[in-house]
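Here is a note for a colleague who is opening this structure for the first time. Please keep the chains in view while reading the points.

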Amino acid sequence: MSTAHDTTRDPAMPPAPRAAQKTSAGSSVDLRLIGGLAALLALLIVPIFLRNFVVFQLTIILAYAIAILSLNILTGASGQVSLGHSAFFAAGAYAAGILMEHGGVPYGLAIPLAGVICFVFGFLFGLPALRLKGVYLALATFALAIAAPPLLKLGTFEHWTGGVQGLLLTKPDPAFGLPISQDRYLYYLTLAIALLIYWLSVNLLNSRTGRAFMAIRDNEIAASSMGVDLALYKTLAFGISAGITGIAGALGALAVAFVAPDAYTFNFAIALFLGMVIGGVGWLPGSLAGAAFIVLVPNMAESVSKGLSGAVFGVFIIAMIFLLPNGARQLVDLTYNQIRKLIR
Amino acid sequence: MELFTNQVLSGIATGAIYACIALAVVMIYEAIDHLNFAQGEMAMFSTFIAWQCMQWGVPYWGAFVISVALSFVAGVAIERVLFRPLGHASILVHIAGFIALFAIINSVAGLIWDFTIKPFPTPFGATPLFGGVISSHQAGMIVVTLALLGLLYLFFRFTRIGLAMRAAATTPDSARLVGVNVGWMIALGWGLAAAIGAIAGIMIAPVIFLEPNMMGGVLLYGFVGAVLGGLSSPAGAVAGGFMVGVLENLTGTYIPGVGNELKLPIALAMIVAVLVLKPNGLFGRTQVQRV
Amino acid sequence: MSINLRPHLGVLSAAALALAVSGGTALAQKKYDTGATDTEIKIGNIMPYSGPASAYGVIGKTIDAYFKKINAEGGINGRKINFISYDDGYSPPKAVEQVRKLVESDEVLLVFDPLGTPSNTAIQRYLNQRKVPQLFVATGAAKWDDPKNFPWTMGWQPNYYTEGKIYAQYLLKEKPNAKIAILYQNDDFGKDYLKGIKDGLGGKANQIVAESSYEVTEPTVDSHIVKLKSSGADAFFNITTPKFAAQAIKKVAELDWKPTHLLTNVSLSIGSVIKPAGPQNAQGIISAAYLKDTSDPQWKDDSGMKKFDEFLKTYYPEANRIDASVMFGYNVSQTMVQVLKQAGDNLTRENIMKQAASLKNLETDGLLPGIKINTSATDFAPISSVQLIRFKGEAWERFGDILSSDATH
């Protein structure tokens, strides 16, 4: 596999179908590029013609996609599983909210600051997590997700966090007096940040650091005997992933204009995890598909049956993992393969 | 001092709930080397089946046996129908499957039996012991948990099938070479885990009341207990369940200021600290990875 | 004074302005905003059909069934109600998404009975900016009665804060030297009650000897009760949701603790709280009610209760009638229907708010005798009175006067 945003060689993951591997070489690289550009163009242009509500929905999807991308870096690249990213998402959302509403910090500064704060949180959490693997690490992160809402409700910080009542945020007006709605402006802001993060992540995974992550994922002992500093890179992966999720949290909070403990329960952590699996573990563009799944499919399930919406959602998940056990990437691979056959 | 004793006792009573479900968690871990997020919902559904049987006039022990037997069959069926075909996929995909199963069972139970709480009978009576801190039902539940633990120990230690199951879970390839049918061992593990879950649910329901969301918190604490004690050790998991119950109570009672509001986060932090020192749990065996 | 009488002078707020504009036009003329036509009224709603609060989804289903009944009987002034209800899973971001879908895509006339304080807080500013009515929200926070700042939002049930105050005042009267223990759910519901109780106790708040909060993720509250009992308290405020209330009632009895036991209105259902906990354990518990309890034998021959049962039989046979949420949904729907009837052919959003703010002595089928729904341009709290009740034998016994929130100010 030559493309860097493709990080699958997770021992837990079977190799992608053989057909798909063929496509990643030679002329099909151009096809992938075309596909990527088409997606980008769609993300840029389509929202112009959509209603504000749909644009808002897309903004939420983008924010979740950023969070899922960060999970992909952690799980797909460095092999550490997290069921606790709702906590980092919450930390980012609250950091941005508190900075803006209590500190008078402009949102343009609050977003990156939220990322920095979460990077520190993630790095610190990564230190004890270093000693944990597999189920034990999953449980430790799960504990983090469960501990987040009581911490956010804590009376001691109520002045800052709003306690159980949550905190209302002011939606930013378009910068430079752009003549577009707040929703559209937030969408393009989120899209710009998402693209920047995507580009940085691809570069990161292509770099020495990214290779170190993947070496750790494939075999820790081998990696460390080759001179990879396990402690540094594993905590770094946690920090980076948490930092990116924090930015996603800040963007999500801006779009909703409200943060509250009930928004960031462990159900949300599980939804993010699900998004990663549905999108395809380790395949960064899949994050967008995964985010769309966790936002839109529950709505679809609900329109099928109100009383059984949970069951319908579950059936959708099962259908997805049966048809596409490698996630959305498999669908994309299959499509490319078909197109290639047609061209030939 | 009386408060301390009472809190420890009431912690043990609550811990029995966690210990009970932790046993089911360990059972499935022995079979598939992973945790099943839908375990609590499966137990909840089994408990509803027992309840429904009793509504139809079946006596308690009859309902008990029907529920446990049906749960065993359902556990095997779920493995065969849902997870066996996924066998080759990554563990992350399996977890997504557990999440789906969770959503389906919870939603179906809500539709059939709605969300109002239902009292559940107990064969041990509700006589208060130790000034009411523990009820006779809770004492009975502790006995049942320990008896189950004993049975499991004997099963895994001395029966061919138990040994074969352990072999299939830990080293599937080697197990296959010595003639163990690994696929059926996994299905059997699912069945046993579901049956133990049914017993756990039937034991827990009289204390916390029966309703579709009853197991959410319980499973969480069950996981914590099992992981704390060590997933590879049934006795450790049970001990872990009791420890979580007591620890949480003492945190809530004695840590001044934020202790009450933060008793769960503090207890979780302590457990993570334990795991950092003993990465395989207090009583778990160390896993050695070959390069 | 009523600003309705002096429409051109009473420009106090956006609400007053809105009322003034519509107040001047003749009612005979048909007027519509988005969501209303000659044949249809579109009503939006969000409910937690899935997730941790899914028990409340029953309210949405009851409303849906009730509007089916109204439609089957010919609708309201010839118009059928098109009720669109979405699942928000009790998550504020999802609530915002679903409400925006209702307003911008389904184009509903109004949002009716959205559930949960966090979800309603998340959508309140949006709906007020868009001038879409957010009517009869299903939460007991006091903040929904704020017509000056949020002229498009209105509560329905008595608020938690006032109810807490009523309990505190009752206790001070009955047992002035009580040593008080409080168990509360750690969320907006619990904290509102807690504040009401503390304000009600006033200078005597120092008589609180123990306070304990629980998270909804906890399997049982048993250990909290053990702790509270050991404080030596002889009065107990039980601020819990149904499952935990039943656990607490049972545990208090098992511990042989005999405090003056005050239970919130949220958990007074005989069928889904008292019976599971054991009626013998609930003797003497004090609470406050505004609705008739469906499992209380004293309402067996009540005409309102009979109508309720007929409705269930025809339109919602699968309902569990002992679930207090069914009664809640039934009565809040009747309130909505009354507003729409009053609005006549003037189905603008302004007029909907105006009519919602001019309910006079409305008695829905499930309200306790003597409790009436009253609103005005300055009073956005439709039900503001309750009556104290005491559990005796198999039923709740009402005692004392109807207590209105005004009396506690």
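The points below take up two of the chains one after the other, and then the contacts between chains.

1. Before anything else, please keep in mind that this is a predicted model, and that the values quoted in this note are computed from it.

2. The secondary structure of chain A consists of 15 helices and two strands. Along the principal axes, the box filled by the C-alpha atoms of chain A comes to roughly 60 × 50 × 45 Å. The radius of gyration of chain A is 20 Å, and this agrees with a compact globule, because a chain of 344 residues folded in that way would have a value near 20 Å.

3. Within chain A, 58% of the 344 residues count as buried. If one takes the contacts in chain A with a separation of 6 or more, 79% of them are accounted for by residues 24 or more positions apart.

4. Chain B has 11 helices and two strands, and their order from the N terminus on is α-α-α-α-β-β-α-α-α-α-α-α-α.

5. Which elements of chain B give two or more residues to the side that touches chain A? The contact itself takes 38 residues from chain B and 39 residues from chain A, and the elements in question are helix H4 (91–113), helix H9 (215–229) and helix H11 (263–277) of chain B. The largest share of this side, 14 residues, comes from H4(B). By class, the side of chain B that touches chain A holds 30 nonpolar, seven polar and one charged residues.

6. Chain B is also in contact with chain C, where 29 residues of chain C meet 38 residues of chain B. On the side of chain C that touches chain B, at least two residues each are supplied by strand E7 (208–214), helix H7 (222–230), helix H8 (242–254) and helix H9 (270–277) of chain C. The residues on this side of chain C divide into nine nonpolar, 12 polar and eight charged.

Methods: Residues numbered from 1 in each chain as written. Chains lettered and ligands numbered in written order. Predicted model: local features only at pLDDT ≥ 70, side-chain atom pairs only at ≥ 80, totals over all residues. Contact = placed C-beta atoms within 7 Å. Helix = DSSP H or I, 4+ residues; strand = E, 2+ residues; numbered from the N terminus. Nonpolar A, V, L, I, M, F, W, Y, C, P; charged D, E, K, R; others polar. Rg over C-alpha atoms; globule rule 2.2 N^0.38 Å. Buried ≥ 20, exposed ≤ 12 C-beta atoms within 10 Å, placed from the backbone.
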